Amino acid sequence: MRQSPGARRARTATAVVLGTALAGSLAIAPVAAQGAEIEYAIWGDPAELTNQIALVDAFMAKHSDIKVNVSVSDWDAYWDKLQTGLAGGAAPDVFAMDGPLFPDYQSRDVLLDLQPYIERDSFDLTALADAGVQHFTTADGQYGLPRDLNVVALYYNKAMFDAAGIPYPDDTWDWAKLVEVGKQLTIDQDGDGLPEQWGFYTETTDMENYWSSLVWQAGGDIVSEDRTQTLLGSDQAVLGLQQLQDLIHTHKIMPTPDLFVETGDAFEQGMAAMESNGSWLVPTHLAAGIDLGIAHLPAGPAGKATSINPTGLVVAKSTKAPDAAWEFVKYIVGPEAQTQLMQLKAAVPVDKSVLAGAYSTAFPGSDVFASSIDFAHLKPSFRGYTEWTTRLQEELDANMFNAPNKTAREAIDSVLPELDAILAQNAAQ
Amino acid sequence: MTVTRSPAVADAAAGTRARSRGGGPLASERKWAWLFLAPTLIGLAVLSAGPIMATLGISLTQWDLLTPATWVGVGNFGDLLANDRFWTALRNTAYYTIVSVPLGMVLALAIALGLDKAIRGIAWIRTMYFLPLVTSSVAVGLVWLWIYAPQGGLLNEVLWWFGIPPQRWVSDPFWAMPAIIAMSVWQGLGVNIIIFLAGLQSIPREYYDAADVDGAGRWSRLRRITLPLLTPSIFFTGILSLIGSLQVFDQVYVLSRPRPTEANLTLVYFIYEEGFRFFRMGSASAAAWILFLIAAALTIVYFRSQRRWVHYQ
């Protein structure tokens, strides 16, 4: 979703006008939530759960009249439970929402419009990262707020750079430099054709980890603004996708993805010198004892670009305690909770004051994520995203990345009609 | 479509048949049979029959779980037949079934014959074979992922000693399904072994004694006495394995990272994906009914064949 800042402003302005009109018709009395009990559902690992529980406890300490129960699931089970809960009238009151999946829920009318509450409390949305807020803005309201941001950057292993006497990656880096240094850092000591140390690593099974950024860096885009057309067939987009295949199969600085699919991240295991991946991996890499450096992603032919994807907080339309739910959402996106949230180093805060303040010095490289936001593109989101991306990745993984059966052009051309059919089907509903 | 995989049922299938030769069970026995079946039957009626019938209704609608359903008649069935992924899933499920059912039964039979001996510690050995079955699929999947890992995985390491180059067991389209079959067969052996053991132990000694007198060798004893008298158990494990393999899901779910490919997408995974990932409960229900009809048809054919090869004592 490539947007000029102008387009962003225009959309926000429309939303504000519409929101104001709505608030006028729906008068909401400023009542405090009395003795409410709400359920807050998240996905995540034990460390994230611990962190979220700390947030919830801090909230309850301030709001003794509201009790918040946290329920956690793994990624797959989370969506199964959420859907059946929503269908069966037992949905959590407040729940985490993955950026790309938001339209699938919002368009089905199961989320509460927060605009009236924002108006009532004169809540200042400009305090939050614009891209994050905008992601949950629709033509008729604000159906969620960003809880934290996922930003993609270049991780590098300082020890490996030092050992090779190579300067660390910096803002002058482009695709060619990545390949050049990647080759120097790909080391096959025993000469069996399988390097013990790879120059580069990334995950290829989701656009967010790297390839969406490559498409944007090449000047291409993923889907059209109106979500009716897949734009991956443009020469620029194909150039971006081709770059990832070349890193694996031409330059051979990156392992084929299936080599690490069972054992996980090669960078985390100390088997790769660089990795393009999301901000959520910082605690993982640190825990693995990696001598971690963080830099902006190398620039492409059309300049710098990276991916930003907000994890949102949304409120179920069916909630019996909307006021309590709103109080809770408001607290979580506020500076106090955001400062607590970033302690885990996994989440880039959404509050601008925390982002520019405490977060920028939270750990070496945190400022890289903060400043990446300036040239970041929102991860695309639309109805039918899961089916669209499943079909697309099946083609890319099997025929471009794991095995170079097809060029980017051939792979994209073979799957494009199906992708557009999925978009059309979802737009029609 | 639930089948209770209980050794006790196997015992009943292999054992009580022997006593009821000629007539059916006695009236008093029949009463007890119904009584013991009651918990399962009531559970099926209350917990399964309703949802199963509901899916029939849902299969005739377009429903995304979250907004009201709209009636589309048999449209979902037509869409499925025109859906390449559905056919891929059907083909992969057939591949899985055709290979894993015979393979699992032959291996289980061979092991059961080996375990049907009164040696020291036999109970422990038998228990060992049953362990994979009571281990969670996810734990089993993680161990097998390590066995199959392209680098440093157990299987590739062992093959390397014999000069065989490392393979991508899980992601290579050629190996993807065999890898899942191998894990499933290993995991499922225990059930069939237990049933076969029960069957073997219900074969009266006298037959073997008589065969000895006639000078029958090991092979002809196996062919002429053991196998024919074991056919009720073979029949029973066959039906369990058949239905179970048509429903294969866990193994695919845990072994295919991060998601199944065209080489190992199975029908139940397809159903799960349609319903819970692509917001098409109607289509998922329709696919479930097609699977049910296939399973029912195969079961009927299989039951009909019973007359020709199953020998009840």
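Ground rules first. Residues count from 1 along each chain as its sequence is written, chains are lettered from A and ligands numbered from 1 in the order in which they are written. This is a predicted model, so local features need pLDDT of at least 70 and side-chain atom pairs pLDDT 80 or more, while totals for chains, interfaces and linings use all residues; side-chain values use heavy atoms, without hydrogens and water.

Salt bridges, then. By that I mean a side-chain nitrogen of Lys or Arg within 4 Å of a carboxyl oxygen of Asp or Glu. Over all chains, the count is 30.

Start in chain A. A:Arg120 pairs with A:Asp323, with the closest N and O atoms 2.9 Å apart. A:Arg120 sits in helix α5 (residues 115–120) and A:Asp323 in helix α12 (residues 322–333), 203 residues apart. Helices here are DSSP runs (H or I, at least four residues), as are strands (E, at least two), numbered from the N terminus. A:Asp323 is buried, at 17% relative accessible area. Buried means under 20%, exposed over 50%, and partly exposed in between, with a 1.4 Å probe and protein chains only.

Next, across the chains. B:Arg168 meets A:Asp258 in a salt bridge, 2.7 Å from N to O. B:Arg168 is in the loop between α7 (154–161) and α8 (173–201) of chain B, and A:Asp258 in the loop between α10 (235–249) and β8 (274–278) of chain A. B:Arg168 is partly exposed, at 26%. A:Asp258 is buried, at 6%.

Now chain B. B:Glu273 and B:Arg85 form a salt bridge at 2.3 Å, N to O. B:Glu273 lies in helix α12 (residues 267–276) and B:Arg85 in helix α4 (residues 84–115), so the pair ties together parts 188 residues apart in sequence. Both B:Glu273 and B:Arg85 are buried. They also belong to a network of salt bridges with A:Arg391, A:Glu394, A:Glu418 and B:Glu262.

Stay with α4(B). Its axis comes within 10 Å of that of helix α10 (residues 218–246) of chain B, and the two cross at roughly 145°. Axes are lines fitted to C-alpha atoms, for helices over the stretch in contact, with angles from 0 to 180 degrees between N-to-C directions. Contact means heavy atoms within 4.5 Å. On the α4(B) side, the contact includes B:Tyr96, B:Met105 and B:Leu109. From α10(B) come B:Leu230, B:Ile234 and B:Gly238, among others. By class, this contact has 11 nonpolar, 8 polar and no charged residues. Nonpolar covers Ala, Val, Leu, Ile, Met, Phe, Trp, Tyr, Cys and Pro; charged covers Asp, Glu, Lys and Arg; the others, Gly among them, are polar.
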